[in-house]
Amino acid sequence: MNLLTEPIGISHYLVVGAVLFVSGVVCMAVKRNALGVLMGIELVLNGANLNFVAFGSKFLQKNGANSIGLDGSLIAVFVIVLAAAEAAVALAITLNYYNNHATVDVDRADELKG
Amino acid sequence: MNLASTLPLLLGTAVLLPLISFVLILFFGPRMGSHGKGASALATGAIGTSCLLSFIALISWLSVHGTGKGLHEVEHGAVAAVSTDHPAANPAADHAHDLAEQESVQKAEYTGELYTLGQFGSLKITISYYIDALTIAMFSMVTLIATLIHFYASGYMHDELHDITDHEVTLRDGHHLHRHGRYYRFFQFLSLFCFSMLGLVFSGNIVMVFVFWELVGICSYFLIGFYIERKSASNAANKAFIVNRVGDFGMIIGLMALWGSLGTFSFGNTVGAKGEAEPGLFSLVRTGANHHELQVPDAMVKDAAAAEIAAGQAPTEANLTTWRKEHLGYGLLVVAGLGIFCGCVGKSAQFPLHVWLPDAMEGPTPVSALVHSATMVAAGVYLVGRFYPVFAPEVLLTIAYIGAITLFLAATIAITALDIKRVLAYSTISQLGYMMLALGVGGWIAGLFHLITHAFFKSLLFMCSGSVIHATHTNDMSKMGGLRHKMPYTAYTMLVGCLAIMGAGIPFLIGFSGFHSKDSIIEQALSFTNLNPAHRILFLAAAGGAAITAFYMFRLWYLTFSGQPRDQHIYDHAHESPKVMVVPLMVLAVFAIGIGWTMPFTGLSVTNLLEQARPEGTMAGFSGGAWLTGLTYPNEHLSHNLNIPAGTVAFCTALAGFLLATAFYGWKLVSPSEARQQFKPIYNFLVNKWYFDELYQAIFVQPVLFISRRIAEFDRKVIDNIINGLAWLVRRVSVIDDWIDRTFVDGLVNLCARWTFSAGMSLRNVQTGKLRQYVMFIAIGTVALFILVSFFWSYSAAAH
């Protein structure tokens with residue numbers, strides 16, 4: 001099966017989602033800047049969100065006719081709201097951290113170790 | 001009038017009123033006026049109402065049953081005809097006469113059960129009553145005297161209305177005891193006593209008698225120990241209680257002997273639950289079929305003949321007769337009688353249990369007057385009178401001898417006593433001895449008549465002595481003298497009491513109450529000893545006792561009221577007692593003079609009343625018990641024929657005693673101190689009360705103390721050591737246990753904890769605090785899990 005020759009389907013969405021997710025994880029793992037880490041988180045969340053939307057599409061439903069196909073989208077909306085809330089809290093922590101330590105390097109924020 | 005329903009109601013209410021008063025004072029006593037002043041009014045009101053009810057009962061009894069005069073006269077005439085000869089010499093005629101007499105005379109009695117407390121097999125315990133003329137007489141006597149004494153006590157005890165400094169009690173810090181007044185408590189116990197005493201007389205079965213018997217005992221204990229802080233008072237209370245226990249032990253044996261064989265406690269015949277007749281004790285012992293003569297009941301014969309019955313002889317009528325001829329079961333009857341009498345010996349302070357009564361004078365004087373002379377101690381005599389039909393001749397003879405010993409012994413001790421109340425206490429013992437002697441020689445009427453008359457004059461004497469003590473604050477007669485000028489009412493009412501107790505009167509005609517009752521005792525004793533010359537000592541004791549009685553009573557009167565004051569200070573402070581105390585004295589004095597008289601025209605007298613209560617079958621003379629075959633008991637009415645010799649003896653002995661006392665203490669012809677020197681050994685012997693206290697100390701108290709000391713030593717040395725050894729052993733074992741606990745159990749737990757701790761410490765290294773590392777771990781972990789699941793999860797197993 002060649003994805004490039006297939007018509008747009010679930011698999012394509014999933015591939016994009018996976019790429020987004022892995023980019024996000026790599027971003028979280030390699031960035032030392034706290035804001036970069038937060039951006040990675042956003043990528044991870046959106047990668048996952050893409051999967052929800054893809055699985056929620058009526059192409060995937062066996063009995064698509066009976067479904068209005070909103071359940072995946074609904075969860076995606078939830079995730080977006082969650083991401084917004086999380087970003088607000090995380091930015092507040094980051095700001096406070098910066099106020100106290102004059103840096104946003106996550107490697108130096110290791111006071112919670114062990 | 002239907003006596004069968006009204007009498008139990010009247011007398012039952014009379015019994016319960018003092019109980020109500022007791023309960024009210026018990027709970028609300030201290031709140032009845034200042035220092036409980038109202039308690040005396042309540043108690044007096046209760047007993048006064050009881051007295052009223054008793055007299056209503058007496059009057060209704062007399063109105064139904066008459067005064068008994070006609071019966072007495074007819075009977076007396078009939079006996080006189082027979083008695084020209086020796087009564088035992090013509091038993092046939094005597095017997096025939098008895099038959100006629102028993103058919104005509106049916107004893108009036110009312111008996112019934114109020115409530116069944118419990119029924120255990122054949123043992124039935126009930127609250128029942130037994131009312132006959134004796135009950136009525138006792139009720140009237142007890143309530144009347146108790147009412148007067150309540151009045152008297154409300155004056156006598158008035159010191160207790162405020163706080164008291166007891167000069168006879170010295171505390172450890174050298175001060176005298178200071179305490180609150182206990183006025184209400186005195187009346188509380190007095191009410192309880194009245195309830196118990198009336199209940200005792202009201203009782204219709206011997207168990208109920210025993211219960212009330214113990215109740216009067218405990219009241220006596222409380223009242224003797226009223227001044228509980230005084231060592232002498234608490235000792236005296238204990239002594240009274242313990243000595244009475246000795247007697248009660250015998251009484252319990254008697255009860256068991258009666259119940260074990262006869263299976264009933266009831267005095268009179270009752271009706272069972274199914275309407276069947278249940279014969280009481282008296283009818284079992286003296287069956288109508290046997291003309292109410294004493295015979296061993298069938299049940300006792302069967303008990304004693306258990307061996308024969310086991311051997312196959314059926315308890316038929318013929319066999320029972322044979323066995324009865326062999327005196328089988330007679331011993332049981334004697335044991336029952338002696339057992340009951342044993343209780344009476346304790347309660348009535350007879351030799352050898354007389355030692356508690358003199359010490360009981362530690363109580364307040366109204367108590368001595370009511371409890372320890374007039375009523376409670378007479379309960380023993382009452383019970384002997386009540387149980388008279390059950391006593392075998394051997395038991396009666398024992399009673400007579402115990403009575404004779406007691407009356408002589410106590411009278412001699414009274415000669416030397418200097419404590420005014422102790423003289424009266426010994427006099428009480430002596431008079432109780434007279435009553436026992438009278439009952440023991442067959443004088444049923446004489447003994448109980450003396451009980452009634454004695455109650456009046458002895459309570460009078462005690463209350464007079466109380467009046468003297470109230471005025472002088474001492475019991476010691478050697479500090480008194482000449483008091484008749486200061487307290488004339490007390491002096492002359494006491495003179496009446498002395499004359500009554502010595503039996504003063506115009507011979508063969510009339511006299512003070514004691515004259516009639518003591519003469520009838522001496523007549524009966526003479527009549528008895530005429531038939532049984534071997535027992536002449538009984539008559540001599542009675543006659544000699546009369547002389548001594550007169551001597552010590554007038555010694556008391558002269559020492560207290562005549563001559564020169566021996567202690568000027570006490571004399572100056574003496575004063576006549578208040579009216580509330582003097583009026584009861586005068587009322588009692590009237591009774592002490594007149595209670596022995598026969599009311600003109602009506603034939604009403606105590607003896608005629610008592611005659612109606614005479615137990616069936618005891619009127620006739622009878623001869624011989626099973627063992628003492630030579631014993632002959634005379635018919636009590638025959639003794640009146642001995643009026644002249646007995647009356648002369650009684651008069652002469654009393655006069656001799658009186659003259660001797662007057663010679664010593666009135667005219668002072670002889671100096672008492674010289675006589676004391678002359679008869680020093682005898683004087684010492686008497687002043688030490690025949691050494692009875694010392695004797696009992698030596699043979700009972702000391703051995704008991706010795707044994708208990710040894711036991712205490714054993715306890716300390718052996719048992720304590722065993723216990724200590726055990727404790728030591730337990731300590732050792734627990735030390736080892738402790739080591740095991742610490743080493744192994746604690747070790748195991750600590751080991752687990754250490755493992756957990758080190759595991760935690762090593763896991764801690766993972767927590768680096770580096771955010772990026774965490775992300776790495778998550779990513780790698782997820783991938784690792786995914787790989788693991790892919791490799792090891794069996795798809796097919798999960799799918800199906």
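Start by selecting Asp303(B), which lies in helix 10 (residues 298-304) of chain B; helices (H or I, at least four residues) and strands (E, at least two) are DSSP runs, numbered from the N terminus. This is a predicted model, in which local features need pLDDT of at least 70, side-chain atom pairs count only at pLDDT 80 or more, and totals for chains, interfaces and linings use all residues. Residues are numbered from 1 along each chain as its sequence is written, while chains are lettered from A and ligands numbered from 1 in the order in which they are written.

**Stop 1: around Asp303(B)**

Two residues are in contact if their C-beta atoms, placed from the backbone, lie within 7 Å. Then select Leu328(B): it is 25 residues from Asp303(B) in sequence, and their C-alpha atoms are 8.7 Å apart.

**Stop 2: helices 13 and 17**

Select residues 330-347 (helix 13) and 393-416 (helix 17) of chain B, whose axes come within 9 Å and cross at roughly 25°. Axes are lines fitted to C-alpha atoms, for helices over the stretch in contact, and angles run from 0 to 180 degrees between N-to-C directions. The two helices are therefore roughly parallel to each other, the term for angles under 35 degrees. To see the contact, show Val334(B), Gly337(B), Leu338(B), Phe341(B) and Val345(B) on helix 13 of chain B, and Glu394(B), Val395(B), Thr398(B), Ile399(B) and Ile402(B) on helix 17 of chain B.

**Stop 3: the whole of chain B**

Zoom out to chain B, with its 31 helices and ten strands. Its radius of gyration, taken over C-alpha atoms, is 37 Å, well over the 28 Å that the globule rule (2.2 Å times the number of residues to the power 0.38) gives for 800 residues, so chain B is more spread out than a compact globule. Along its principal axes, the C-alpha trace of chain B spans about 145 × 80 × 55 Å. Buried residues make up 49% of its 800 residues.

**Stop 4: where chain A touches chain B**

Finally, show both chains: twelve residues from chain A and eleven residues from chain B form the contact. On the chain A side, helix 1 (residues 10-30) gives the most, with three residues.

Key
Buried ≥ 20, exposed ≤ 12 C-beta atoms within 10 Å, placed from the backbone. Parallel < 35°, antiparallel > 145°, perpendicular 65-115°, else oblique.
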